[in-house]
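Please read the following briefing alongside the sequence and the three-dimensional model.

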Amino acid sequence: MPISDQRKPTGGTPESTVDMKIKEQSDTPSRPSGHATGHDLHDLFQDVFALHVSLSAAMDSVHEHAGLRTPQVRVANRLSDGPATVPHVATDLAVSRQYVQTVCNELQEQGLMEFVENPRHKRSKLVALTEKGQKALAQTRENEAAFIQQSLPDICSRQVTEASALLRELRERMEETRFEGRENS
């Protein structure tokens, strides 16, 4: 925990951060042994949000070095799964259709993406990566992997696997909760 995040005691003898964490945990409602509290998960989520900000800034730099912007890479990543309509890409990325349309227009101008006929709909074209776009995306992914490896060379692969599994489980359970909540309202 960064020093700036440590709480200062309001009086009496100084408490260490560890002592304060133990006290906080004892002040929260009792949970079955080994289960995280809502406070524990909230702290984890705050760390994930902070990591997202750091990763976004770092990846923006990597993408710019490759001549792309991060939104272009996000759309290209989605299109690497196959052609899709602009509205489908927007839904998959949880952004507006207009946002995706603007990014697709930029990618088309760079020769990285093209609009192709949609056999299921006359007016809603499919967007697809061109061969140049596929190569640019592959190079971008290589640049990302190299940057990450250079920045974090000593991270344990077992911990990465465990963290990935935990984050995937949290995301899936939060999505289930969110969808269940919509049905009840």
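**A buried residue and its setting**

Val73 is buried, with a relative accessible area of 2%, where buried means under 20% relative accessible area, exposed means over 50%, and partly exposed lies in between (1.4 Å probe, protein chains only). The model is a predicted one, in which local features need pLDDT of at least 70 and side-chain atom pairs count only at pLDDT 80 or more, while totals for chains, interfaces and linings use all residues. Residues are numbered from 1 along each chain as its sequence is written, and side-chain values use heavy atoms, with hydrogens and water left out.

**Val73 and its contacts**

- Val73 lies in helix 3; helices (H or I, at least four residues) and strands (E, at least two) are DSSP runs, numbered from the N terminus.
- Leaving aside residues up to four places away in sequence, Val73 touches His63, Leu68, Leu137, Thr140 and Glu144, a contact being defined by heavy atoms within 4.5 Å.
- Val73 and Thr140 are 67 residues apart in sequence, and their C-alpha atoms are 8.0 Å apart in space.

**The chain as a whole**

- The protein chain has seven helices and three strands, and from the N terminus on its elements follow the order α-α-α-β-α-α-β-β-α-α.
- Of the 185 residues in the protein chain, 22% are buried.
- The protein chain exposes about 13,800 Å², of which carbon and sulfur atoms supply 54%; accessible areas come from the Shrake-Rupley method with a 1.4 Å probe, and for residues only the protein chains shown count as cover.
- When contacts in the protein chain between residues at least 6 apart in sequence are considered, 46% of them join residues at least 24 apart.

**Helix 6**

- Helix 6 (residues 131–151) has 21 residues, which at 1.5 Å a residue should span 30 Å, and its end C-alpha atoms are 30 Å apart, in agreement with that value; the expected span is 1.5 Å times one less than the number of residues.
- The buried residues of helix 6 are Gly133, Leu137, Thr140 and Glu144. They cover an arc of only 60° around the axis, which puts them on the same side of helix 6, the arc being that of the directions from the helix axis to the C-beta atoms.
- An α-helix has 3.6 residues a turn, so residues three or four places apart point the same way.
- The buried residues of helix 6 pack against helix 2 (38–65), helix 3 (70–79) and strand 3 (121–129), whereas the face turned away from the buried side of helix 6 carries the exposed residues Glu131, Lys132, Lys135, Glu142 and Gln150.

**Helix 2**

- The 28 residues of helix 2 should span 40 Å at 1.5 Å a residue, and its end C-alpha atoms are 40 Å apart, which agrees.
- Ala58, Met59, Val62 and His63 are the buried residues of helix 2, and they pack against helix 3 and helix 6.
- Helix 2 is followed by Gly67, whose phi is positive, near 85°.

**Cavity and pocket**

- On a 1 Å grid over the protein atoms alone, a cavity is a set of points where a 1.4 Å probe fits but cannot get out, and a pocket is an open set with protein on both sides within 12 Å along at least five of seven lines; lining residues have an atom within 4 Å of a point.
- There is one cavity of 30 Å³ or more, and about 50 Å³ of space lies in the largest cavity, a volume being the space filled by probe spheres set on grid points that are joined across faces, edges and corners.
- The lining of the largest cavity consists of Leu68, Ala76, Leu107, Leu112, Leu129, Gly133, Ala136 and Leu137, and helix 6 supplies the largest share of this lining, three residues.
- The largest pocket has a volume of about 1,900 Å³. Of the 38 residues that line the largest pocket, Val48, Leu51, His52, Leu55 and Leu167 are the closest to its centre.
- Helix 2 gives the most to the lining of the largest pocket, with 13 residues.

**Two loop residues**

- Thr130, in the loop between strand 3 and helix 6, is buried, with a relative accessible area of 15%.
- Not counting residues up to four places away in sequence, Thr130 touches Gly111, Leu112, Met113 and Glu114.
- Ala94, in the loop between helix 4 (86–93) and helix 5 (97–109), counts as exposed at 69% relative accessibility.
- Although Ala94 is not a glycine, its phi is positive, at about 55°.
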